[in-house]
Amino acid sequence: MMLGRTWASSAALCCALFSMTTATASAQDGTVEIPLAQYELLRGGTDEGEEASRAYTFSEVRAEVVVREEDGQSFAEVSVDARVNVLTAEWTMVPLANAGAAVTEATVGGQPAGLVTRGGSLIWPTDQQGPHDLRWTYRVDTARYGAGRVLMVGLPRAAVQLTLRLPGTERGVTVIPATHVVSADEGEVTRVTATLPATGGAQI
C-alpha cells in the first residue's frame, strides 16, 4: 500500500499475506471458572475439541478498512461483519483475528462478545447452535515498503466483500488476492471495492 502517490505490493510478500505478529500478554494473578468442556477445548486436550473448533461456517462477510494518517503515522481500522453458522451444540471455537490484534469492539447479535486466545488466534467460544451475526473491529499499523506502505489484513476464511477508504485521491491501489477491484475518488478520499476469495486475509 503506497501512501504517497502510488500504492504497490510485491509478489515476494505473498507468502506472508496473512501473517500477523502475535503479542504476548503478561500473566496476572486470579482465578476464572468456566465449564469443563470449554476448558478442554481451550487447552486443546481432546480430539473432539479439535473437531468442534471446525464446526462452523462463515457467510455474508463484509469488511471495511479505513486508513488514517495522524502525526506522521499510518494505521487502518478494520471492521468485519459476518454471519456465522455454528453446526453443533458442543463448544465451538470461532477464530476472529490474530491474538495480537488490537480489537476495540466485538459483538454477537449486537451484544458484547467474550473473546479468548488460543493457538495464536483471538476466538469466540460458543455452544449455541445456529446462525449468529458477529461484528468485530480492530486496528493494525501499516508497514513501510520501498517508497510506500503495505497493509496486511486478517479476515475469515470465506469470500469477503471489501471496501477500502484511504486519504487522498488519484492513488494506485493493489489488493492481493482480489477480483472485481474498482477504485474511485470521493471528495478527498479514495474508495476501493473488491471481492476477496476464501484465503483468510489480504495484502493492500
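User: Before I look at any detail, what average pLDDT does the protein chain have?

Analyst: Where pLDDT is low, the predicted coordinates should not be read in detail. Here the protein chain averages a pLDDT of 78, and 74% of the residues score at least 70. Over residues 1-28, however, the pLDDT is below 50, although the model gives this stretch 72 contacts beyond near neighbours in sequence. Residues 45-53 also stay under 50, and for them the model has 12 contacts beyond four places in sequence.

User: How do I read a pair of strands, and over how many bridges do E1 and E2 pair?

Analyst: Look for the two runs, then for the direction and the bridges between them. Strand E1 (residues 56-70) and strand E2 (residues 73-86) pair in the antiparallel sense over 13 bridges. Within this pairing, Arg 68 stands opposite Phe 75 in E2. The two strands form a hairpin with 2 residues between them, and in the turn Asp 71 has a positive phi of about 55 degrees. E2 is also joined by 12 bridges to strand E8 (residues 130-141), with the two running antiparallel, and here Asn 85 has Pro 131 in E8 as its bridge partner.

User: What is the strand order in the open sheet of 3 strands, and which are the edge strands?

Analyst: The order is E3-E7-E6, with antiparallel pairing. Strand E3 (92-98) and strand E6 (116-118) are the edge strands, each pairing on one side only. On average, neighbouring strands of this sheet are turned by 45 degrees against each other, direction ignored. E6 pairs with strand E7 (residues 121-126) in the antiparallel sense over 3 bridges, and one of the residue pairs is Thr 117 with Leu 122 in E7.

User: How should I read salt bridges, and how many does a search of the whole structure find?

Analyst: Side chains of opposite charge can pair when their charged atoms come close. A search of the whole structure finds 6 salt bridges. In one of them, the side chains of Arg 165 and Glu 64 meet at 2.5 Å, N to O. Because Arg 165 lies in strand E12 and Glu 64 in strand E1, this pair ties together parts that are 101 residues apart in sequence. Arg 165 is partly exposed, with a relative accessible area of 25%, and Glu 64 is partly exposed at 34%.

User: Finally, is Leu 166 buried or exposed?

Analyst: Compare the relative accessibility with the cut-off, where buried means under 20%. Leu 166 has 1% relative accessibility, so this residue counts as buried. Leu 166 is found in strand E12 (residues 160-167), and its C-alpha atom is separated by 9.9 Å from that of Asp 185, which is 19 residues apart along the chain.

Definitions and conventions. Residues are numbered from 1 along each chain as its sequence is written. This is a predicted model: local features need pLDDT of at least 70, side-chain atom pairs count only at pLDDT 80 or more; totals for chains, interfaces and linings use all residues. Side-chain values use heavy atoms; hydrogens and water are left out. Helices (H or I, at least four residues) and strands (E, at least two) are DSSP runs, numbered from the N terminus. Buried means under 20% relative accessible area, exposed over 50%, partly exposed in between (1.4 Å probe, protein chains only). pLDDT is the predictor's confidence in each residue, from 0 to 100. Contact means heavy atoms within 4.5 Å. Two strands pair if DSSP finds at least two bridges between them. Axes are lines fitted to C-alpha atoms, for helices over the stretch in contact, and angles run from 0 to 180 degrees between N-to-C directions. A salt bridge is a side-chain nitrogen of Lys or Arg within 4 Å of a carboxyl oxygen of Asp or Glu.
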